Amino acid sequence: MTKVKPTDELVFLPLGGSNEIGMNFNLYGYGPPHARKWIVVDLGVTFGDQTTPGVEIILPDPEFIEAHAKDILGIVLTHAHEDHIGAVAWLWPRLRAPLYATPFTAFLLREKLRENEDSADAEITEVPLGGTIKLGPFEIDLITLTHSIPEPNGLAIRTPLGTILHTGDWKIDPDPVLGSVTDEGAIRRLGDEGVLAMVCDSTNVFVDGEAGSEADVRDAMAKLISGLTGKVAVACFASNVARMDSIIRAGEAAGRRVCLVGRSMHRMAAAAKSVGLFSDIKEFLTDGEARHFPDDKILYLCTGSQGEPRAALSRIADGTHQHVKLGAGDACVFSSRVIPGNEVPIRNLQNRLADRGVRLYTERDHPGIHVSGHPCRDELARMYAWARPEIAVPTHGERRHLLEHAAFAKDLQVKQTVAPRNGDMVRLAPGRAEIIDEVPAGRIYVDAGFLTPENGDALRERRHAAYNGVLAVSVVLDGRGKIVSGPRVKALGLPADEDYSMDEVLDDLAEDAETAFGKLKGDQREIDSEVEMALSRAVKKASQRIWGKRPVVETTVLRV
């Protein structure tokens, strides 16, 4: 182990995943402040919503660590969920550090890297379950946990200044369906050795009791599906491979063959088979093959449980899916929770299915068909009892989750707690744990394949246009600066009525633009930017009077 120098520090720095659920991006640094060596734990994405029109994927901004890229010893991935690995292919070219993952995660990551030619030369070191990674002053032991995807790992990060237990995503499931149970013995031994800090999942800190076992879901799904007639579609997260397994086996127990619908389902099934899972189930039917099976002999396992407009279930609900049709007498089971913010699209999706005569089953009316993959309070208490850390550092949660987790840890007699925001650098050792610095920690939007800043012009203009509409003004001038044609005004996204039609509104706006042009001096009329500014200002002012809005106004000057 590296010898401790008087200036050495051990720091934790979240750049994503603290004060939010998703987009996990955590850094650990060791050494003197001017020469720290870093490891990265997870590099994930979050997803757009109504506030980010046109943006589906959001990345953490690596600005701070990119400036220290030569000092990154490795990027260690705890498991294969998108909020933990989804940003790797996008951001690896900026960091170019070695990647470490267990086989299932590595399989999915290679596919992502191949899709981005700038990341195609990234090399992944596969680490066996329970394996060890040595990176400079960091020695990392993988600890087997349970979650909703194969091969979830906690990390025991050993350093000369103490050991950190980074839990990643986890729960305590006595019968996890896929993979081994949580390695309680390894965590207890770690606690006996001494854990300086535990950086821990906070998702379900407000929920009493335990998350529940995936085996119970398998039984509940088997009971439900066995009583259904007609075609059955089940929607779940494709990344929840344990749930896929439960649904597939429930379908087969009911005498149904399974057809995967949605690219993500096929990708996850391939990854599962690559590590020996799904080996004892029947071959999946193709969309075309499933059409020839009796209705009561087929189960469709679909993407789109959150109402995503381009996912398979949404196309089925719209009646636009090429092969899969649902109607009266058929059933759709939602084996997933409603992610906050997705209430409206999910409700709209379910209404469209209901309008087709499809019977709906959700966790609200059948609670046993879904359990969380994250620890509730009783499980958190057990983990703290096993690990016995000196410092609790909540992560993977919104602000309210982190603060509640910190308070809960204090109730469990943890000596110190720190609840950092993204960008807060926490010194874990030496001395008392505290926030010692704040670094940039923003977001990058993936917009039409381009990486754009969080507050970039394109999205700001798009938001403005979405709420206020767009007006396009055009005018044609001759060489003497006189109007040859126009001004003409066209509108997009703005209302009118019978008493004041859109044609009348646009004529009035054109008159305002022409009046503004008439007030320009001769030399101003020769400068396109001056003409554009004058016409735009006039139209915006008139729009405020007519609609109480200030739409985006684009003015074009042509000269003949």
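Colleague: What should I keep in mind about the source?

Modeller: This is a predicted model, where local features need pLDDT of at least 70, side-chain atom pairs count only at pLDDT 80 or more, and totals for chains, interfaces and linings use all residues. Residues are numbered from 1 along each chain as its sequence is written, and side-chain values use heavy atoms, with hydrogens and water left out.

Colleague: Why is the contact between Arg36 and Glu9 called a salt bridge?

Modeller: The term asks for a side-chain nitrogen of Lys or Arg within 4 Å of a carboxyl oxygen of Asp or Glu. Arg36 and Glu9 meet at 2.7 Å, N to O, so the pair qualifies. A search of the whole structure gives 30 salt bridges.

Colleague: Where do the two partners, Arg36 and Glu9, sit in the chain?

Modeller: Arg36 is in the loop between strand S2 (25-31) and strand S3 (37-43), while Glu9 is in strand S1 (residues 9-16), so they are 27 residues apart and link distant parts of the chain. Strands here are DSSP runs of E with at least two residues, helices are runs of H or I with at least four, and both are numbered from the N terminus.

Colleague: How do you know that S1 pairs with strand S21?

Modeller: Two strands pair if DSSP finds at least two bridges between them. Three bridges join S1 to S21 (residues 424-429), so that counts, and the two run antiparallel. Within S21, Ala429 is the bridge partner of Leu10. Both strands belong to an open, mixed sheet of eight, ordered S8-S7-S6-S3-S2-S1-S21-S22.

Colleague: What makes S8 and S22 edge strands?

Modeller: Strand S8 (124-126) and strand S22 (434-438) each pair on one side only.

Colleague: And what about S15 and strand S16?

Modeller: S15 and S16 (residues 298-302) have five bridges in the parallel sense, and Arg257 has Ile298 as its bridge partner in S16. They are part of an open five-stranded sheet with parallel pairing, in the order S15-S16-S14-S17-S18.

Colleague: What makes the peptide bond between Ala429 and Pro430 cis?

Modeller: Its omega is about 0 degrees. Pro430 falls in the loop between S21 and S22. Another cis bond runs from Gly486 to Pro487, with omega near -5 degrees, and Pro487 is in strand S26 (residues 483-492).

Colleague: Which helix holds Glu511?

Modeller: Glu511 is in helix H15 (residues 502-518).
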